[in-house]
Number of protein chains: 2
Amino acid sequence: MEEVFSYGALYGLAEAVFRAMGCSAEHAAEAATVLVAADLRGIDSHGVARLSGYVRLWEAGRINAQPNMRIVHESPSTAVIDGDRGLGLVVAPFAMRTAIAKAAVAGTGWVAVRNSNHFGIAGIHAMMALEHDMIGVAMTNASALVAPTFSTERMLGTNPIAVAVPAGSEPPFVADMATTTASNGKLEILQRKRAPAPYGWVQDADGADSYDAAILKAGGTMLPLGSDREHGSHKGYALGSIVDIFSAVLGGASYGPWAPPFPAYVPLPMNMPGEGLGHFFGAMRIDAFRPADEFKMHMDNWIGRFRAARPAPGHERVLIPGDPEREAEVGRRTAGIPVHADVAADLRKVSERFGIGFAG
Amino acid sequence: MEEVFSYGALYGLAEAVFRAMGCSAEHAAEAATVLVAADLRGIDSHGVARLSGYVRLWEAGRINAQPNMRIVHESPSTAVIDGDRGLGLVVAPFAMRTAIAKAAVAGTGWVAVRNSNHFGIAGIHAMMALEHDMIGVAMTNASALVAPTFSTERMLGTNPIAVAVPAGSEPPFVADMATTTASNGKLEILQRKRAPAPYGWVQDADGADSYDAAILKAGGTMLPLGSDREHGSHKGYALGSIVDIFSAVLGGASYGPWAPPFPAYVPLPMNMPGEGLGHFFGAMRIDAFRPADEFKMHMDNWIGRFRAARPAPGHERVLIPGDPEREAEVGRRTAGIPVHADVAADLRKVSERFGIGFAG
């Protein structure tokens, strides 16, 4: 059910496809790097599995391969960027670089983005801050699939939050999480396996508990982190809402149930209150708070202490946010990246569509 | 089991107690306002129920009633404040005002605080930004009661996050949440009722599921938002960790299992890596992103649309974060504040201790 590809093969295909869409060499390389980082880091739902989806958005005229990305509003520590309907995979790094440049001068930089679309995995953008001895923050809104607590209506996307924190000799702390109980990618994996979904991941169209991983196709909805009110779903709902407000209301993107859908066959919502999808990025210079070396020494101490926390019976160790993705990356860089057969077939179709050689 | 007090009676007692501890008139008024805001807003665990706890910390020399709070490091958009062991109820507003002043000039302001202690409810500090047409953020670390995913050790506090967003004709969006499945206050309520805890709120000392609301007294731990790995507890663990790092590692407070305990009879941890408890505050000027009136019009639209989301069967309406607390405040300002009999007895003891008349 799976084929294994080298990082180079997947990167090469993605880059060639973005060039064929009309992206500049620089943008194609950046977009491919961001996209395939998801496959490398084990978040298969956000990597090359979406390549043909981006192509269809471009074919539908919803992606501009040669965007004129620009700052439309700014203050010493903030900016709003209009992504000009560019690939989110390119708009996001541009915006994150802006946040980092602001932070270099003002101590922190905060950038809201409108008129963009899906930007891949949030963590990779937040991690851009690390080499500058900054904490990085990235979030995005997304097509509505999630019902608020006490509701059955699709009002929010899976709206991820990523935070990357530099350390010294330890690897960085990198949290990257959807604000739902489970990501949509995990539901897709269960669908392919024809396996049921655990309690609390989804509900049916009437708000009843559902164990059907494909219930979204029958009008069901995903549930906010916490699953139900008794287990804190109102907190997941609040977190997803904060991501929506920061990413879209602040910069003028379309929010809530009006967020533009990723599948190109789904019509755009009527009366969109903003332009395109929105993101929000932050960079905080460590030495705007305390000397970077001192901070990193304490982060090493923090990480070491948490790694040494007493494991529960049946568990060998306590993980630090970012450990699983980093370990996946180490393994996949050498052993290759497993790709589901359906996705591999889709990649071959895309390569043929553009007449690109694909070593898979 | 409950007595009802007027807001004025509780505020008056708290203010007089803080004055008796040696606080200035200004600090006593501010501390009382923050403390009793918790009772007004229905978060009973963080209000006058803690008054005698603050007194005991002061008696133990762990609270300085006349702190010299000062900025020890800053950049255009950041500051680190040393709270000089002051009441968190006073240090937090000082720090939030600093964040607001930074934002007025730099667009945003971000303040890390060390050498503080419990600051009451996070939401009340975040809400200080609202009247300035700013988004407010507040978080704090706290005594370790929570085990990371796959662990049985107390490593994190309930580490709350609050975000307050101004609207136009609608009331503001105010999220204020512990990063655990349930707050410690909710466990205390169950203990008083001798009722069991729901699945996923706590585990016993060996990491087994527990339904005992008092299990923390037998070495148990609270669980991060998500409850178990399958329902996203690694996300709650990551959120609590982010709060710990922003609140304590960034500004030089004591972090993780070394966070100072609230009960004065619990000895301070050995080898504390920082000073006191830590907080983190943020203020973002709306018009550093887009004109404030335009933003507030869209927030009204956002709030209105979410309020109108289709309710699930058995539910009348969908709530906006901040609705329950605001509604509690409206009711309690007029009808009074119900206080558990044990807490009322404790308040009488405190009033006698200082020879303060108490109308309860």
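Student: Where should I start?

Tutor: Residues are numbered from 1 along each chain as its sequence is written, and chains are lettered from A and ligands numbered from 1 in the order in which they are written. As this is a predicted model, local features need pLDDT of at least 70 and side-chain atom pairs count only at pLDDT 80 or more, while totals for chains, interfaces and linings use all residues.

Student: What average pLDDT does chain A have?

Tutor: pLDDT is the predictor's confidence in each residue, from 0 to 100. Chain A averages 97, and 100% of the residues score at least 70. For the complex, the predictor gives an ipTM of 0.98 and a pTM of 0.98.

Student: Which domains does the assignment give for chain A?

Tutor: Domain bounds come from an automatic or database domain assignment. In chain A, domain 1 covers 1–66 + 320–360, domain 2 covers 67–179 + 233–307, and domain 3 covers 182–222. The C-alpha centres of domain 1 and domain 3 of chain A are 26 Å apart. Five residues from each of these two domains of chain A take part in their contact, where contact means C-beta atoms, placed from the backbone, within 7 Å.

Student: Is strand β6 of chain A buried or exposed?

Tutor: Strands are DSSP runs (E, at least two residues), numbered from the N terminus. A residue is buried if 20 or more other C-beta atoms lie within 10 Å of its own, exposed if 12 or fewer, and partly exposed in between, with C-beta atoms placed from the backbone. In strand β6 (residues 161–165) of chain A, five of the five residues are buried, so the strand is largely enclosed by the rest of the structure. A:Ile161, A:Val163 and A:Val165 point one way from β6(A), and A:Ala162 and A:Ala164 point the other way.

Student: Which strands pair with β6(A)?

Tutor: Strands of a sheet pair through backbone hydrogen bonds, either parallel or antiparallel. Two strands count as paired if DSSP finds at least two bridges between them. Strand β5 (residues 134–140) of chain A pairs with β6(A) in the antiparallel sense over four bridges, and A:Met139 stands opposite A:Ile161. Strand β7 (residues 173–177) of chain A is antiparallel to β6(A) and joined to it by five bridges; there, A:Asp176 is the bridge partner of A:Ala162.

Student: What is the strand order in the open sheet of chain B?

Tutor: The order is β9-β8-β10, with antiparallel pairing. β9 (209–210) and β10 (221–222) of chain B each have a single partner strand, so one side of each is left without a neighbour in the sheet. Two bridges join β8 (residues 202–203) of chain B to β9(B), and B:Gln203 has B:Asp209 as its bridge partner.
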